[in-house]
Amino acid sequence: MRYVTTRSKGTAKSFAECLLEGLAPDGGLYVPEAYPTVSAAELRRWRSLDYAALAFEIVSRFAPEIPQERLRVLLAETYCAARFGDPAITPLKVLEPDLYLLQLSNGPTLAFKDIALQLLAALFEWRLGETGTSLNILGATSGDTGSAAEHAMLGRHGIRVFMLSPKGRMSPFQRAQMYSLNDPGIFNLAIEGTFDDCQAIVKSVSGDAAFKSAMRIGTVNSINWARLMAQVVYYFKGYFAATETDDEQVAFAVPSGNFGNVCAGHVARQMGLPIQLIVATNENDVLDEFFRTGAYRPRTAAETHETSSPSMDISKASNFERFVFDLVGRDPDRVVALWAQIENGGGFNLGGSPEFDAIGRFGFTSGRSTHDDRLRTIADVWRRYGVEIDPHTADGVKVGLERRAPGMKLICLETALPVKFEQTMVAALGRKPSRDPSLIGIEDKPQYVTEMPADAALVKEFIRSHTD
Ligand SMILES: *Cc1c(COP(=O)(O)O)cnc(C)c1O
């Protein structure tokens, strides 16, 4: 298994080589040269595997160079009840016949990002052990990624984390999850600015090639191929949990922002899993617009709405390029030309092209959800099923119910727990969501954070002076 990039031909690399890199040097994203396909006999055999064993079957196809025994142990240590609160890792809850919630948010930081970042941390540790080096992870977060990354990297050999977050803009619970970590390898930097300012700093610091290599800077953002690979596993697991045979079509409703989660579903489908994918956006509806019309028009920061499902407030869906690469027949020259149109300030329109006319073969549909839809869906799901869902999951449920084909089973992905978004839950239910006793009072714990103006030079200086 070799990896190519979405923007040039002929630079195939191994999984291990792509692991620590974010963007490829040509500005594209790494993708497998070809997706491994799963035979009918394999699907039948995979059905009865537990989560870690299923993950082994999938990850070993994408990363054959990891010694098999090592990989089995690493996956068993990652996907265990101690970390994910349930031996099923991603339990499937039945809401009513043919309507399910796939519970992806029982990891340490209560959002589905734990599933990928816990594995990424273990893979980084393996790779650094092989090469005898250390890594300084630099990231920007608007909430869920930062805490999932910090909790995953905590205590890992040779790894430090420098995480930028916009000062005062995350929920009190999200702040507490990150800033209450007191560890010599974790540095929280609260930047006086927005999430976009934080991201611009990360871009500028990693764009300084000399600094990047001298300081061994790595990233954990959602374009990392290994994160996507980790997420492929729960599409198989959820499918097996909801069906009895391997030929039934099932739809997944996926709350989407950067297109990472649903792109993993696309990979699962390309591998041969018989599923349909329903992309749910909030008011930031670039992706819905694309699947309806073929026009992809990334918004500017100023045109991006601040909504009550904030982890989906994305103006440019960074993983989308991987899907478009497949859509245009894996032709990197086409991708380069389309993204040049984006960089020239516009977007592109594939509406009316033969590729877009044939988009049905990829099994996508889409829809959007608004603040009012979110509140209504949270209240409805509570009233009908006695289940609390968070605002992002609610966007998925709303759009999924609207778009699913008649008679087809629908699996809604739960992307976070309600406790992370108390204010919106109060607006929907008239009360605070329930809270596990272990989480009571986390907002009152001491917090460890350094405040800093939005200045890349100061961030560099901070990294230099906190690295030995
Ligand atoms: C990150 C996130 C999303 C969006 O997922 P993408 O992979 O970026 O599409 C949705 N919901 C929650 C709670 C998230 O943290």
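Two strands count as paired when DSSP finds at least two bridges between them. Keep that in mind, as I'll talk about bridge partners a lot. One caution before we go on: this is a predicted model.

Let's take the five-stranded sheet. It is open, and the order is β8-β5-β6-β7-β15. The pairing is parallel. At the edges sit β8, residues 217-218, and β15, residues 450-453. Each of those edge strands pairs on one side only.

Now look at β6 and β7. Strand β6 covers residues 159-166, and strand β7 covers 186-192. They run parallel, joined by six bridges. Which residue of β7 is the bridge partner of Met163? The partner is Asn188.

Helix α9, residues 195-207, touches β5, β6 and β7. The direction of α9 makes about 145 degrees with that of β5, which spans 135-140. Then there is α20, residues 456-465. Helix α20 lies across β5, β6, β7, β8 and β15. Against β15, α20 runs at about 145 degrees.

On to the six-stranded sheet. This one is open as well, ordered β3-β4-β14-β9-β10-β13. Here the pairing is mixed. Which strands stand at the edges? They are β3, at 92-96, and β13, at 364-368. Each has a single partner strand, so one side of each has no neighbour in the sheet. On average, neighbouring strands here are turned by 25 degrees against each other, if you ignore direction.

Stay with β3 and β4. They pair in the antiparallel sense, over four bridges. Find Leu92, and you'll see Leu102 of β4 as its bridge partner. The two strands, β3 and β4, form a hairpin with two residues between them. In that turn, Asp98 has a positive phi of about 70 degrees.

What sense does β4 take with β14, parallel or antiparallel? Parallel: β4, residues 99-103, and β14, residues 409-414, pair that way over five bridges. Leu101 stands opposite Cys412 of β14.

Next, helix pairs. A packed pair is described by the angle between the axes and the distance between them.

Take α13, residues 286-293, and α14, residues 320-327. Their angle is about 10 degrees, and their axes are 13 Å apart. Angles under 35 degrees count as roughly parallel, so α13 is roughly parallel to α14. From α13, the contact uses Leu287, Phe290 and Phe291. From α14, Phe320, Phe323 and Leu327 meet them. The tally for this contact is six nonpolar, no polar and no charged residues.

Now α17, residues 371-385, with α18, residues 391-403. The angle is about 90 degrees, and the axes are 8 Å apart. The range 65 to 115 counts as roughly perpendicular, so α17 is roughly perpendicular to α18. On the α17 side we have Asp373, Arg374, Thr377, Ile378 and Val381. On the α18 side, Pro391, Ala394, Asp395, Val397 and Lys398. How do these contact residues divide? Five are nonpolar, one is polar and four are charged.

Some distances to go with that. A side-chain N or O atom of Lys113 is 2.5 Å from a ligand oxygen. Backbone atoms take part too. A polar backbone atom of Phe259 sits 3.1 Å from an oxygen of the ligand. For Gly260, a backbone N or O atom lies 3.2 Å from a ligand oxygen.

That's the tour. Thanks.

How values were computed:
Residues are numbered from 1 along each chain as its sequence is written. This is a predicted model: local features need pLDDT of at least 70, side-chain atom pairs count only at pLDDT 80 or more; totals for chains, interfaces and linings use all residues. Side-chain values use heavy atoms; hydrogens and water are left out. Axes are lines fitted to C-alpha atoms, for helices over the stretch in contact, and angles run from 0 to 180 degrees between N-to-C directions. Angles under 35 degrees count as roughly parallel, over 145 as roughly antiparallel, 65 to 115 as roughly perpendicular and the rest as oblique. Contact means heavy atoms within 4.5 Å. Ala, Val, Leu, Ile, Met, Phe, Trp, Tyr, Cys and Pro count as nonpolar, Asp, Glu, Lys and Arg as charged, and the others, Gly among them, as polar. A polar contact is a pair of N or O atoms within 3.5 Å; within protein, one must be able to donate a hydrogen and the other to accept it, and residues adjacent in sequence count only if both atoms are side-chain atoms.
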